[in-house]
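Below is a briefing on one protein chain, with its sequence and structure shown first. The points that follow are grouped by topic.

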Amino acid sequence: MLVTLADMMKDANARNYAVIAANCYNYESARCLIKAAEAEKSPLIINIAEGHLASYIKRESLAQEISPMCEATWVPVCINLDHGFTFEVIVSAISNGFTSVMTDNSVYSLEDNIERTKKIVDIAHGRGISVEAEIGHVGQGDDMSNPGNHLTDPEEAKKFVDATGIDALAIAVGTAHGEYHGTPVIDFDRIKEIKALLKMPLVLHGGSGSGDENLATAVDCGINKINVFTDNQANARDKVYEAIESSEKKLYPLDMMKIIWDGIQEKCQYYMRLFKSSGKADGSIEKTEFHMPWDENADL
């Protein structure tokens, strides 16, 4: 069942669990994510990053390609543009099968972030499409030198949400993207403070490598969406290395592809259980109306 992020986050926020937002870059990777969700009876967010759109795939095709598969499954699935930095790319995503977009203007001043985000909210909400945005800044794992400089200020977050009307807020509380070169220290009190102030779905970027105990505690504190990419890829890579070393026969690309997809599925299922989303695809997530590019009069 294809749903919006707002549909999914409403239930996660009410029942205090988090949904994995796992990146995909082709039909096969989306398929193994859906298989993981079905196995765990869990809702699923499929992330398609603007960076991957530029490097590997055409943004005009992937979401439309996987939409029928997402619609056909019985588990709720949201197709989300991850880290949309460019206005044209975000608008194209709204027009081409995404049910949610993240507009990332976190490097700008608060006022500019509000202005840029509100413009996207007006366009997306006109189609029934959800919007995630970020306040504070989640950097890269190879630069953990001064994470405190970019952490989300609760009062600024309140001002930002009130001014933009976004559906989910990504906050900076000590995690980072990619592989860590340093130990992440998550500010759980900050999560609790923001949650109590906003009472809305909160998003944690940089889930990979953050530690199981940290992630489980973050969910308990009010995080409802956790982005995971590097860990899924690393598990798939390690499974291939293990298979090559242990196999008595030569492995062909088709053999390795199967190992890769199984590795991604395995890690996703692990995180679904950790985030307490397993079993939550129980009919509680209701689907609201939204317009897809194949709908009549759907052009922006």
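How many helices and strands does the chain have? The chain has 11 helices and eight strands, where helices (H or I, at least four residues) and strands (E, at least two) are DSSP runs numbered from the N terminus. This is a predicted model, in which local features need pLDDT of at least 70 and side-chain atom pairs count only at pLDDT 80 or more, while totals for chains, interfaces and linings use all residues. Residues are numbered from 1 along each chain as its sequence is written, and side-chain values use heavy atoms, with hydrogens and water left out.

**Overall make-up**

- Of the 300 residues in the chain, 54% are buried; buried means under 20% relative accessible area, exposed over 50%, and partly exposed in between (1.4 Å probe, protein chains only).
- Among contacts in the chain with a separation of 6 or more, 76% are between residues 24 or more positions apart; contact means heavy atoms within 4.5 Å.

**Salt bridges**

- The whole structure contains 12 salt bridges, each defined as a side-chain nitrogen of Lys or Arg within 4 Å of a carboxyl oxygen of Asp or Glu.
- One of them joins Arg15 to Asp282, with the closest N and O atoms 3.0 Å apart.
- Arg15 lies in helix H1 (residues 5-15) and Asp282 in the segment after helix H11 (253-274), so this pair ties together parts that are 267 residues apart in sequence.
- Arg15 is partly exposed at 30% relative accessibility, and Asp282 is also partly exposed, at 42%.
- Asp11, Arg15 and Asp282 are linked in a network of salt bridges.
- Within helix H6 (residues 110-125), Asp122 and Lys118 lie four residues apart, about one turn of the helix, and their side chains form a salt bridge with an N to O distance of 2.7 Å.
- Asp122 has a relative accessible area of 46% and is partly exposed; Lys118, at 30%, is partly exposed too.
- Helix H7 (residues 154-164) holds Asp162 and Lys158, four residues apart, or about one turn of the helix.
- Asp162 and Lys158 form a salt bridge in which the closest N and O atoms are 2.7 Å apart.
- Asp162 is exposed, with a relative accessible area of 54%, whereas Lys158 is partly exposed at 28%.

**Packing of H7 and H8**

- Two packed helices are described by the angle between their axes and the distance between the axes.
- H7 and helix H8 (residues 188-198) pack at an angle of about 35°, with their axes 10 Å apart; axes are lines fitted to C-alpha atoms, for helices over the stretch in contact, and angles run from 0 to 180 degrees between N-to-C directions.
- From H7, the contact is made by Pro154, Glu155, Ala157, Lys158 and Val161, and from H8 by Arg190, Glu193, Ile194, Leu197 and Leu198.
- These contact residues divide into six nonpolar, no polar and four charged, with Ala, Val, Leu, Ile, Met, Phe, Trp, Tyr, Cys and Pro counted as nonpolar, Asp, Glu, Lys and Arg as charged, and the others, Gly among them, as polar.

**Helix H10**

- Helix H10 (residues 230-246) has 17 residues, which should span 24 Å at 1.5 Å a residue; its end C-alpha atoms are 24 Å apart, which agrees. The expected span is 1.5 Å times one less than the number of residues.
- The buried residues in H10 are Asp231, Asn232, Ala234, Asn235, Ala236, Val240 and Ala243.
- The buried residues of H10 pack against strand S1 (19-23), strand S8 (223-228) and H11.

**Leu204**

- Leu204 lies in strand S7 (residues 202-204) and is buried, with a relative accessible area of 0%.
- Not counting residues up to four places away in sequence, Leu204 touches Val173, Thr175, Leu215, Ala218, Ile223, Lys225, Ile226 and Asn227.
- The C-alpha atoms of Leu204 and Leu169 are separated by 8.8 Å, and these residues are 35 apart along the chain.

**Positive phi angles**

- Lys41, a residue other than glycine, has a positive phi near 55°.
- Lys41 lies in the loop between helix H2 (27-40) and strand S2 (44-49) and is partly exposed at 47% relative accessibility.
- Lys199 is not a glycine either, and its phi is positive at about 55°.
- Lys199 lies in the loop between H8 and S7 and is exposed at 63% relative accessibility.
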